Amino acid sequence: MKFEGKDILSTENMSKEEIQEILQVSAKMEELCKTRHVSDLLADKVVAVLFLEPSTRTRLSFETAVKRLGAKAITVADAKTSSTAKGETLADTALTVEGYVDCIVVRQPQIGGAKVMADAVKIPVINGGDGAGQHPTQALLDLYTIHRARHTLDGLTIAIVGELDRGRTARSLAYLLSKFERVKIHFVSPPEVRMGQDILDHLDEHDVWYDVRSDVEPLAGDVDVIYQTRIRPDRIPDRESLSRYTINARLLRQMKPDAMILHPLPRTVEIDKAVDEDPRAYYFKQATNGLFVRMALLTLIWDQD
């Protein structure tokens, strides 16, 4: 597959072959990083890391990916320091930044904002999260984490849990999972923050099995992966129901011995800290894997795999 010059904006239209190539190159990047060696693969490139929303993992892993590949990063890490705070449009920002760099990685709060920027410029744009819309690089690292542990994505049964109505990571992951065979997805959330109908319609169109539930515990012994997402208590009117959407010692006892617990982080109340010591907790390894996947994407858009 050819990624050269391509934008990475959404997982919706990624093919299975493209996903598999990204996973393969990510594994190569992981091997490269084991030596702690900084490559000169992209020594002639400059990347703008333009973050107009708060971020720890995505921003730092992109900056690290740029540097480990020998490229240079210029960073905006606070919207107040960008001219968007003065009312500049995303398109004008993109056109300005295009004059300085070879690629733009952007996080901003507008759904579809990354596409607005990509449509305005000729250089590649990578979406680092656009409001409640998409977060493609997060979903790809989620998939990479699962694949590295299980060696396959076909036949996967996964519970996606938490605030799903605004969950850009969950949305992007659902699109990716729909490319694989015999996948089953349980969407588990309070009714008021259930997964958007557009995602359910997409799964229907692609004949992907799913259901919508309001309690993770009955599923605990059957799923291969629990993909837990953030729960903000102020969005859940029935506070007593929070235990239905959280992972604690009781839930661990019911889970498969080889199951996986993932979370895009940051967490609030939805994973007890005692879970961190369980070997099925993959969320900090998951964050590390973000470096390898983002290195892979940067090499692929310049056809450097």
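In this predicted model, Ile226 stands opposite Ile261 of strand 9. Strand 8 (residues 225–228) and strand 9 run parallel and are joined by three bridges.

Strands of a sheet pair through backbone hydrogen bonds, either parallel or antiparallel.

Strand 5 (residues 157–161) pairs with strand 6 in the parallel sense, over five bridges. Here Val161 has Val188 of strand 6 as its bridge partner. Strand 6 (residues 184–188) has four of its five residues buried, so the strand is largely enclosed by the rest of the structure.

A helix pair was also examined. Helix 1 (residues 16–34) and helix 9 (residues 283–301) have axes that come within 8 Å and cross at roughly 110 degrees. Helix 1 is therefore roughly perpendicular to helix 9. The crossing is right-handed. On the helix 1 side, the contact includes Glu21, Ile22, Val25, Ser26, Met29, Glu30, Leu32 and Cys33. Helix 9 meets these residues with Lys285, Leu291, Phe292, Val293, Met295, Ala296, Leu297, Thr299 and Leu300. By class, the contact between helix 1 and helix 9 has 12 nonpolar, two polar and three charged residues.

Technical notes
Residues are numbered from 1 along each chain as its sequence is written. This is a predicted model: local features need pLDDT of at least 70, side-chain atom pairs count only at pLDDT 80 or more; totals for chains, interfaces and linings use all residues. Side-chain values use heavy atoms; hydrogens and water are left out. Axes are lines fitted to C-alpha atoms, for helices over the stretch in contact, and angles run from 0 to 180 degrees between N-to-C directions. Helices (H or I, at least four residues) and strands (E, at least two) are DSSP runs, numbered from the N terminus. Angles under 35 degrees count as roughly parallel, over 145 as roughly antiparallel, 65 to 115 as roughly perpendicular and the rest as oblique. A crossing is left-handed if the near helix is turned anticlockwise from the far one by less than a right angle, and right-handed if clockwise. Contact means heavy atoms within 4.5 Å. Ala, Val, Leu, Ile, Met, Phe, Trp, Tyr, Cys and Pro count as nonpolar, Asp, Glu, Lys and Arg as charged, and the others, Gly among them, as polar. Buried means under 20% relative accessible area, exposed over 50%, partly exposed in between (1.4 Å probe, protein chains only). Two strands pair if DSSP finds at least two bridges between them.
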